[in-house]
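Let's take a walk through this one together. Have a look at the fold first, and then we'll go from a hairpin to a core and a loop.

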Amino acid sequence: CQGMENSFIHMNSRFSNGVLTIIMDNSCSAVHIQPDGTFSSLKKGGGMGLNSIRSVAKKYDGYSCFEVKDGVFLSSVYLKLEETPVTIKDNEIRTKL
């Protein structure tokens, strides 16, 4: 959230048993929740981020979860991927998708 004092983003990922788990938490001062429980962007012109994440999760037979708790927007994504060797180079993790 722009302009928010003490803002943060924490991200963690793990690959285990063919499932890539990505968790991201970020500070947020305001969130707009639709009547159906989905979130919508407060940015001018709207946003496509959460819809893109949902689409990728569906493509890889996974799912995504979003919630707000105590001023933090919590995002979790789970993707089923083939077990392949992982190459680590210059702090980048690469795996075959």
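**Starting at the hairpin**

Strands β5 and β6 make a hairpin with two residues between them, and Asp-70 in that turn has a positive phi of about 50 degrees. Keep in mind that this is a predicted model, where local features need pLDDT of at least 70 and side-chain atom pairs count only at pLDDT 80 or more, while totals for chains, interfaces and linings use all residues. Residues are numbered from 1 along each chain as its sequence is written, and side-chain values use heavy atoms, with hydrogens and water left out.

The two strands, residues 63–69 for β5 and 72–80 for β6, run antiparallel and are joined by seven bridges.

Now for the rings. The structure has two aromatic pairs. In one of them, the ring centres of Phe-66 and Phe-73 are 6.2 Å apart and the planes sit at 20 degrees, so this pair is stacked. The cut-offs here: rings of Phe, Tyr and Trp (its six-membered ring) pair if their centres lie within 6.5 Å, and planes under 30 degrees apart count as stacked, over 60 as edge-to-face and the rest as tilted. Phe-66 counts as buried at 13% relative accessibility, and Phe-73 counts as buried at 10%. Buried means under 20% relative accessible area, exposed over 50% and partly exposed in between (1.4 Å probe, protein chains only).

Val-77 comes up again in the largest nonpolar core, together with Leu-20, Ala-57, Leu-79 and Leu-81. Such a core is a set of buried Ala, Val, Leu, Ile, Met, Phe, Trp, Tyr and Cys residues joined through side-chain atoms within 4.5 Å. Leaving out neighbours within four places in sequence, Ala-57 is in contact (heavy atoms within 4.5 Å) with Gly-62, Tyr-63, Ser-64, Val-77 and Leu-79.

What about the loop between β4 (39–40) and α1 (49–59)? Leu-42 lies there, and Leu-42 is exposed, with a relative accessible area of 56%. Not counting residues up to four places away in sequence, Leu-42 still touches Ala-30, Val-31 and His-32. The C-alpha atoms of Leu-42 and His-32 are 6.8 Å apart, with the two residues ten apart along the chain.

Stepping back, the elements run β-β-β-β-α-β-β-β-β from the N terminus. Helices (H or I, at least four residues) and strands (E, at least two) are DSSP runs, numbered from the N terminus. Of the 97 residues in the chain, 18% are buried.

How values were computed
Pairing = 2+ DSSP bridges.
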